[in-house]
Amino acid sequence: MLPSTKLYHIGFGRDDLGEIAPTLALLSGDPDRARLIAQQYLREARALSENRGLNSYVGRLPSGAWVLSATSGMGAPSLSIVVNELVQLGIRTIIRVGTTGSIQARVVPGEVVISSAALCRQGAANDIAPVEYPAAADPFLTVALAQAARELDVPHHVGITASVDTFYEGQERYDSANPHLLRWLHGITEEYRRLNILNYEMECGTLFKMGGVYGFAAGCVCGVIAQRTQSEQIAMDAKGVAVERAIRVALRAAEKYLASQPMA
Ligand code: URA
């Protein structure tokens, strides 16, 4: 039985969806991105809730399939709550549409990274699965994301992402309010670079582990908005194109993935 009453954090329930039973959610960290996806890219979109900054919308893909555009908030603890509640409502596929900092010279702002797996350095994930549990994206959803990027001519990279809990310390930023970066974090970005990790972000490791444990398909596409081989700063001039590309790739992949699924 799906809960009909509103779920506490996301602020909507089965009753708010009426006859509509979306099984796929596009999940943005930023509530404004969730609203942008709904208003500019989905048909017949309407708001389900704007609760605690966890804005959620429902609308149709060009194919006609209903999907959610929801907000995870920043970081894995918030994402874990939203994902748990979305799955309670019948969501079985989640595509994170995020932003990221590149740690490889060849991955440049404006491009997108599709995460095939994550080095998961996140406390929330340890409440869900053992630390050694693989943080792997759904392979079919990942292929759909890569094919979508190719079809749309979006410059993209597929590979491993470092998914960490903090934007400043955990991503080895020295230019912050913290005067003392812990010793073990000094040089971590260079180490990850040598391990062929593509990028830093803050949610997909826990999302992937949740997908494995709960049994839903998880994928992640992020627009590159920082190039950490050059600077700790966000490349604001590249953010618009990076986010727009990540959204278009996610939407095309959602259509492809849903079309490949056997009818329930
Ligand atoms: N998101 C991150 O987690 N890190 C960045 O550098 C940019 C976006």
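Colleague: Which way does H5 cross H8, right-handed or left-handed?

Modeller: In this predicted model, H5 passes H8 in a right-handed crossing.

Colleague: What's the angle between H5 and H8, and how far apart are their axes?

Modeller: Helix H5, residues 139–151, packs against helix H8, residues 236–260, at an angle of about 125°, and their axes are 8 Å apart. That angle makes H5 oblique to H8.

Colleague: Which residues of H5 and H8 meet there?

Modeller: From H5 you have Phe140, Leu141, Ala144, Leu145, Gln147, Ala148, Ala149 and Glu151. On the H8 side they meet Val249, Ala250, Arg252, Ala253, Lys256 and Tyr257. By class, the residues of this contact of H5 with H8 divide into 10 nonpolar, 1 polar and 3 charged.

Colleague: Let's stay with H8. How many residues does H8 have, and what span should they give?

Modeller: H8 has 25 residues, which should span 36 Å at 1.5 Å a residue. The end C-alpha atoms of H8 are 36 Å apart, so the two agree.

Colleague: And H5, how far does that reach from first C-alpha to last?

Modeller: H5 reaches 18 Å with its 13 residues, close to the 18 Å expected at 1.5 Å a residue.

Colleague: Which residues of H8 are buried?

Modeller: The buried ones in H8 are Ala238, Ala242, Val243, Ala246, Ile247, Val249, Ala250, Leu251, Ala253, Ala254 and Tyr257.

Colleague: What do the buried residues of H8 pack against?

Modeller: Two helices come up, H2 (31–41) and H5. The strands are S1 (24–28), S5 (93–102), S6 (112–121) and S9 (217–227).

Colleague: Can we zoom in on Ala253? Why does Ala253 count as buried?

Modeller: Ala253 lies in helix H8, and its relative accessibility is 0%, so it counts as buried.

Colleague: What is Ala253 in contact with, leaving aside neighbours within four places in sequence?

Modeller: Ala144, Leu145 and Ala148.

Colleague: Which residues are in the contact between H2 and H8?

Modeller: Arg33, Leu36, Ile37 and Tyr41 in H2 meet Val243, Glu244, Ile247, Arg248 and Leu251 in H8. The contact of H2 with H8 has 6 nonpolar residues, no polar ones and 3 charged ones.

Colleague: Changing topic, let's do the loops. Where does Val108 lie?

Modeller: Val108 is in the loop between S5 and S6, and it is partly exposed, with a relative accessible area of 32%. Leaving aside neighbours within four places in sequence, Val108 is in contact with Val224 and Gln227. Val108 and Arg228 are 120 residues apart in sequence, with 9.5 Å between their C-alpha atoms.

Colleague: And Arg52, what is its phi?

Modeller: Phi of Arg52 is near 55°, a positive value in a residue other than glycine. Arg52 lies in the loop between strand S2 (43–49) and strand S3 (56–60), and at 55% relative accessibility it counts as exposed.

Colleague: Last one: what is the phi of Asn196, and where does Asn196 lie?

Modeller: Asn196 has a positive phi of about 70° although it is not a glycine. Asn196 is found in the loop between helix H6 (188–194) and strand S8 (197–201). With a relative accessible area of 45%, Asn196 is partly exposed.

How values were computed:
Residues are numbered from 1 along each chain as its sequence is written. This is a predicted model: local features need pLDDT of at least 70, side-chain atom pairs count only at pLDDT 80 or more; totals for chains, interfaces and linings use all residues. Side-chain values use heavy atoms; hydrogens and water are left out. Axes are lines fitted to C-alpha atoms, for helices over the stretch in contact, and angles run from 0 to 180 degrees between N-to-C directions. Helices (H or I, at least four residues) and strands (E, at least two) are DSSP runs, numbered from the N terminus. Angles under 35 degrees count as roughly parallel, over 145 as roughly antiparallel, 65 to 115 as roughly perpendicular and the rest as oblique. A crossing is left-handed if the near helix is turned anticlockwise from the far one by less than a right angle, and right-handed if clockwise. Contact means heavy atoms within 4.5 Å. Ala, Val, Leu, Ile, Met, Phe, Trp, Tyr, Cys and Pro count as nonpolar, Asp, Glu, Lys and Arg as charged, and the others, Gly among them, as polar. The expected span of a helix is 1.5 Å times one less than its number of residues. Buried means under 20% relative accessible area, exposed over 50%, partly exposed in between (1.4 Å probe, protein chains only).
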